[in-house]
Amino acid sequence: ANYVNQLANEVMRLANSGAKGNAVKAKFAALLNRYVNLKSIANMALGPYQKKISAGDREKLYGLFSNYAAALFAYYVSDFKGDSLEIKSNTQDGSIVTIQSAIMQRGGGREQVKWRLVQSGGGYRVSDINVKGVWLTIATKKRFTDVLNRSKGDMAPLFAELREADTW
């Protein structure tokens, strides 16, 4: 729970800062890369194409996905504005810890956020996050596999779609 509180406080501080555009995207990218296992989420999102991607394309994917995830957070930045995080429950299933929480927003609103953590080294890393009722891994996997199915496994259309995050 301390790990999630620390991450949530940094997310709220960034959301409350009023930073916009590329500045907020860059800060979210740094934050997500520090706390979230984005490479694991990107690999999972490839689904059956995970075994078919070249090492060079995999590295390109990681960079584009980091930017894409940061753009999603920047796009929904107002949902992360708040004063505190309330931890509602904490459950463990094997090596996965799921924490249900709510960002206590100014003006009395609450934004429900669920976090999945996996042990990593001596601590934890976020393996998935659920905002607005949507798990990042599930939404990303559907989007990636839809694009890759249409392109018959060609990565170029997926990379082009991920680059569109620069326009949000």
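Rings of Phe, Tyr and Trp (its six-membered ring) pair if their centres lie within 6.5 Å; planes under 30 degrees apart count as stacked, over 60 as edge-to-face and the rest as tilted. The model is predicted: local features need pLDDT of at least 70 and side-chain atom pairs count only at pLDDT 80 or more, while totals for chains, interfaces and linings use all residues. Residues are numbered from 1 along each chain as its sequence is written, and side-chain values use heavy atoms, with hydrogens and water left out.

**View 1. Ring pairs link Phe-28, Phe-73 and Phe-80 into a cluster.** A search of the whole structure gives six aromatic pairs.

**View 2. Tyr-3 and Tyr-35 form an edge-to-face pair.** The ring centres are 5.4 Å apart and the planes stand at 65°, so the pair is classed as edge-to-face. Tyr-3 belongs to helix H1 (residues 2-16) and Tyr-35 to helix H2 (residues 21-35), so the pair ties together parts that are 32 residues apart in sequence. Helices (H or I, at least four residues) and strands (E, at least two) are DSSP runs, numbered from the N terminus. Tyr-3 and Tyr-35 are both buried (under 20% relative accessible area, with exposed over 50% and partly exposed in between; 1.4 Å probe, protein chains only).

**View 3. Phe-65 and Phe-144 form an edge-to-face aromatic pair.** The distance is 5.9 Å centre to centre, with 85° between the planes. Phe-65 in helix H4 (residues 55-75) and Phe-144 in helix H5 (residues 136-150) are 79 residues apart, and their pair links distant parts of the chain. Phe-65 has 1% relative accessibility and counts as buried; Phe-144, at 1%, also counts as buried.

**View 4. Arg-116 lies over the face of Trp-135.** The distance from the ring centre is 3.9 Å. A charge sits over a ring if NZ of Lys or CZ of Arg is within 6 Å of the ring centre and within 35 degrees of the ring normal.

**View 5. Buried residues of helix H3 pack against other elements.** In H3 (residues 38-45), the buried residues are Leu-38, Ile-41, Ala-42, Asn-43 and Ala-45. Their packing partners are H2, H4, strand E4 (123-131) and H5, where contact means heavy atoms within 4.5 Å. After H3 comes Gly-47, which has a positive phi near 55°.
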